[in-house]
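Trainee: I would like to learn how to read a model like this one, feature by feature. Could you give me the general idea each time and then show me the case at hand?

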Amino acid sequence: MNIKLSRKVKENITGFLLLLPSIIFMTGFTVLPVFKSFYLSFTKYNLGMKAPKLIGLNNYIALFKSELFWKVMYNTIFFSVITVVPSMILGLALAFLVNRRSKAVGILRTVYFYPVVMPMIAVASIWMFIYMGKNGLLDQWLSHFGFKPLNVLSNKNTVLPFMAIMYVWKESGYLMIFFLAGLQGISEDLFESARIDGAGFWVMLKNITLPLLKPTMIFVSTIALTNCFKLVDHIVIMTEGAPNNASTMLLYYIYQQGFTNFNYGKSSALTVIMLFLLLFVSLPRFFKQDKEAYYN
């Protein structure tokens, strides 16, 4: 008994020592900054001040009374709605296309995944050339067929939808990898049995593929949501929030308050709000769907 106990203690100590470097880095670069942001969100702390001054909930009250804050929140949620679901659908469709044995599959996987490895700054620069007013590729193409130039980045009604097209183009290849791993984890025997029983593609998709992909979908939806909320590079390159803050989203607003206005108290309050927003949209859905998912 003592031998078994001492062996278990040694295994636990070994496991803890292996985890210790990750714990140290996570504590230093994730946990402590989160607590520091919580503290600063209750302070007035601008550039030049020697120390933050406690002001209670004033930062939050000022934000909730601000029309710009609610506009930014609407932009953020709207952008997530028009990007997360389409990128997941396209990622799943691409996974079906490359989930086969063929000489061309390797090339297709590389082509579909290539936008993922490109830096967002480079992607934003390419698509800004496409969307550029009058001289851009899109407006030139429209003019060639007799349509008026749209100048989509300068129109408050089109700037977010067309930026969403760019994001879906980049993100879908990343989500494809997870869906492809999920598809390859499903036993081929299930599909073979269904084919023998006369089931077609759509029947197998509804009754076999999608139910068994549920754990993958939970993970992918969480990744897609968090990636969507932490976007800022493309806004800096393409619009800087224009026109009239129609493309300003939460992370860019945090960047403006912290690194342009140097209002660290308000930027910390916005960071806390973003953290709770991510928890609100991710955790309830994760726990609800996780109970219904089939993992074996």
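Mentor: Let us begin with helices: helices (H or I, at least four residues) and strands (E, at least two) are DSSP runs, numbered from the N terminus. With that rule, Ser37 lies in helix H1, which covers residues 2-40. Please keep in mind that this is a predicted model, in which local features need pLDDT of at least 70 and side-chain atom pairs count only at pLDDT 80 or more, while totals for chains, interfaces and linings use all residues. Residues are numbered from 1 along each chain as its sequence is written, and side-chain values use heavy atoms, with hydrogens and water left out.

Trainee: Is Ser37 buried or exposed, and which residues does Ser37 touch?

Mentor: Buried means under 20% relative accessible area, exposed means over 50%, and partly exposed is in between, with a 1.4 Å probe and protein chains only. Ser37 has 17% relative accessibility and therefore counts as buried. Contact means heavy atoms within 4.5 Å, and, when residues up to four places away in sequence are not counted, Ser37 touches Ser268, Thr271 and Val272.

Trainee: Where does Ser268 sit, and what is Ser268 in contact with?

Mentor: Ser268 belongs to helix H13, residues 264-292, and counts as buried because its relative accessibility is 6%. Leaving aside neighbours within four places in sequence, Ser268 is in contact with Ser37, Leu40 and Ser41.

Trainee: How should I describe two helices that pass one another, and at what angle do H3 and H10 cross?

Mentor: Axes are lines fitted to C-alpha atoms, for helices over the stretch in contact, and angles run from 0 to 180 degrees between N-to-C directions. Angles under 35 degrees count as roughly parallel, over 145 as roughly antiparallel, 65 to 115 as roughly perpendicular and the rest as oblique. The axes of H3 (residues 67-98) and H10 (residues 214-229) come within 9 Å and cross at roughly 140°, so H3 and H10 are oblique to each other. For handedness, a crossing is left-handed if the near helix is turned anticlockwise from the far one by less than a right angle, and right-handed if clockwise; H3 passes H10 in a right-handed crossing.

Trainee: Which residues of H3 and H10 meet?

Mentor: On the H3 side they are Thr76, Phe79, Ser80, Thr83, Val84, Met88 and Leu92, and on the H10 side Met217, Val220, Ser221, Ala224, Leu225, Cys228 and Phe229. To sort them, Ala, Val, Leu, Ile, Met, Phe, Trp, Tyr, Cys and Pro count as nonpolar, Asp, Glu, Lys and Arg as charged, and the others, Gly among them, as polar. The contact of H3 with H10 divides into ten nonpolar, four polar and no charged residues.

Trainee: How do H5 and H7 cross?

Mentor: The axes of H5 (residues 120-131) and H7 (residues 159-184) come within 11 Å and cross at roughly 135°, and H5 and H7 are therefore oblique to each other. H5 passes H7 in a right-handed crossing. The contact is made by residues including Met120, Val123 and Trp127 of H5 and Phe162, Met166 and Lys170 of H7, and by class it has eleven nonpolar, no polar and one charged residues.

Trainee: What should I look for in the backbone of a loop?

Mentor: Most residues other than glycine have a negative phi, and most peptide bonds are trans. In the loop between H11 and H12 we find Glu240, whose phi is positive, near 55°. At 54% relative accessibility, Glu240 counts as exposed. Pro243 lies in the loop between H11 and H12, and a cis peptide bond with omega of about -5° joins Ala242 and Pro243.

Trainee: Which residue with a positive phi follows H12?

Mentor: H12 is followed by Phe262, whose phi is near 55°. Phe262 lies in the loop between H12 and H13 and, at 30% relative accessibility, counts as partly exposed. Within H12 (residues 250-260), the buried residues include Leu250, Tyr253 and Gln257.
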